[in-house]
Amino acid sequence: MCGIVGAVGDLGPGQELVPSLVDGLRVLEYRGYDSAGVAVEIDGTLATCCRAGRLANLEESLAAEQLGPAASAASAGIGHTRWATHGPPTDGNAHPHMDSARRVAVVHNGIIENYAALRDELEAAGVTLVSDTDTEVLAHLVGSRLEAGEDLASAVAGTLRRARGYYAVAFISPSCPGLIVCARKGPPLALATWAADDSGRGAGAYLASDVLGLLPHGRQVVYLEDGDLALLEAGRVEVRGLDGKVRRREACTVEWEAEDAGLGDWPHYMLKEIHEQPDVLAQTTFERIREEAGDVVFEGNQWSDESLAGIERVQVIACGTALHAGIIGAYMVEELARVPVDVDFASEFRYRDPVLAPGTLALAVSQSGETADTLAALRLAQELGGRGGAICNVVGSTLVREVEEVILTHAGPEIGVASTKAFTAQVAAAFLLSLRLGRARGALAARTARELLGELRGLRPCMERLLSGGLLEEIRACAARFGESKGFLFLGRGVNYPVALEGALKLKEIAYVHAEGYPAGEMKHGPIALVEPGMTILAINSPGRVAEKVRSNIEQVKARGGEVISVGADAASHAIADAVLAVPECPELLSPLLNVVPLQLFAYEVARLKGCDIDKPRNLAKSVTVE
Ligand code: M6R
């Protein structure tokens, strides 16, 4: 939700400040794309350029020199890409915002919850506010403190002490050239600084809402923590609390390369990321597998026998696609480790006064590690005595820093707003954890574990074949034939029920058509009333304990005129369906890893035929850092 960047100093040979801010915003645009803007400090004045709509609109205005011809002389700058919360996406509501005297400019990701009271107070003092945003009050409050003689850091700290809510913010002011003051409470903020080096680059610094924005500038990154305020200058950062006391923050090394976040020759990130899944599966699992021993070893001896000894129950908390992966994980943990599992939407868990049994592992699943609801639910579970664990894709994210043990998913940067490869990695990680827990508790025989791990390894070539074979043609044909259906029902049972949820979510998100995921066995309790000609049912079925039952559901749909696409490896289901998206057979417990692929591609193809903006679906943001 919103991306912010900031730059100061030398960004490298031939790298000017404003283009570098725009490059950073381009990388972060997946966080919100309602408007974009930049502000720079040039020779004692502030210049801004803000445009509603996509970043391309801002670039157009910048090309027309709207920042003025002197923009190349800027000493510090900030930028913003918006996911609107307060006020519609207009030029006037686009960040950065300034105070009336143009003493300060601010970019903000988050929500200032008491902005109305602060706004009333400012208006009573004669200040005219010009936008509908919650953010603008921050600019005026800091501006009035600067006018009263405070320096930028103390003016920002004083203002933030009065602000209720959540923020990652960055301020520049002509009164402090070459300085950015930024702060964090809630939404993430990462910083990179560098000294002059042999390549001819002078000292500089960059800030961004996530590490993707920092990758071109260095892989040594400092993550701000809640309550931190940082003074960022070329080659130097000082972190303080809002009370002014200096805080120590260590830099950590980011694994990702800048190229990992590039689109290459792919038309969309989503398609690129779907095709990365065989590698992602391998990256997340292979080095951890100990096939001989029929076990799994995690880095740093995490999830060891000792650490798992007291786990009597698991509480999964997550949102969206990560929740679907978590539900699959629940089936896996119960089957392989015989440990009871509860699963909840993080947004529900955090407000429902939950009860946690002693010995509960609170397992948060998240690609970004920054989802506000997931973090809040995890913190609550920890307060209630749960042990915090996570499956997460981002090293150094808030989630990773707040749990005792983590399984990193090694999916690489996921840019497409519709999550695909992160899901595969989360399911694979959940499988590893289930197997480890089963072995640690003596619930799973080494031989069975060995066989399962061998099957897991074998999925990579299966997935590769899926993505390079005739399936793609069949998916295109299905999208053309069924894409205009009046509705879609995705049915699955057992471990493939969450796959049905995920298939429906993908179609809704990127193709804007109504789709519902449902447990196949529940269809007769209501959704069957929707079935009639013109309704498409995707039945996900793999050989296993519920295959026959799902076949009966397919027959029930067909008897009522619904058209069925059979997805999975159950040949008998294929034989009675109107269309088939077949995947290779594998153990039922692992089948979600293959079955989800045609569903992702089906959503992609339907969205493509409809001309939807696949990587930036309307109203969505990649990382939901507000409630
Ligand atoms: O970063 P997280 O995994 O915590 O994000 C959770 C959801 O917001 C996310 O999965 C969302 O549902 C995606 N748009 C799904 O494609």
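Residues 24 or more positions apart account for 72% of the contacts in the chain that have a separation of 6 or more, where contact means that heavy atoms lie within 4.5 Å. This is a predicted model, in which local features need a pLDDT of at least 70 and side-chain atom pairs count only at pLDDT 80 or more, while totals for chains, interfaces and linings use all residues. Residues are numbered from 1 along each chain as its sequence is written, and side-chain values use heavy atoms, with hydrogens and water left out.

**The chain as a whole**

The chain has a radius of gyration of 26 Å, which agrees with the value near 25 Å that a compact globule of 627 residues would have; this radius is taken over C-alpha atoms, and the globule rule is 2.2 Å times the number of residues to the power 0.38. Along its principal axes, the C-alpha trace spans about 75 × 55 × 50 Å. Of the 627 residues, 60% count as buried, a word that here means under 20% relative accessible area, with exposed meaning over 50% and partly exposed the range in between (1.4 Å probe, protein chains only). The accessible surface comes to about 22600 Å², and 49% of it belongs to carbon and sulfur atoms; such areas come from the Shrake-Rupley method with a 1.4 Å probe.

The secondary structure comes to 20 helices and 27 strands, which are DSSP runs numbered from the N terminus (helices are H or I with at least four residues, strands are E with at least two).

**An antiparallel sheet**

Strands of a sheet pair through backbone hydrogen bonds, either parallel or antiparallel. In this chain, 7 strands form an open sheet in the order β5-β6-β7-β8-β12-β13-β14, and the pairing is antiparallel; two strands are said to pair if DSSP finds at least two bridges between them. The edge strands are β5 (97-98) and β14 (246-247), each of which pairs on one side only.

Strand β12 (residues 228-233) pairs with strand β13 (residues 236-241) over 6 bridges, and A230 stands opposite V239 in β13. Strand β12 also pairs with β8 (residues 180-185), in the antiparallel sense and over 5 bridges, and here L232 of β12 is the bridge partner of I180. Because 5 of its 6 residues are buried, β12 is largely enclosed by the rest of the structure. The hairpin of β12 and β13 has 2 residues between the strands, and in it G235 takes a positive phi near 75°.

**Backbone angles to look for**

Most residues other than glycine have a negative phi, and most peptide bonds are trans.

| Residue | Phi | Place | Relative accessibility |

A cis peptide bond joins H95 and P96, with omega at about -5°, and P96 lies in the loop between β4 (76-82) and β5.

**A buried glutamate**

E509 lies in helix α17 (residues 497-511) and, at 15% relative accessibility, counts as buried. Leaving aside its neighbours within four places in sequence, E509 is in contact with V417, A418, P617 and L620.
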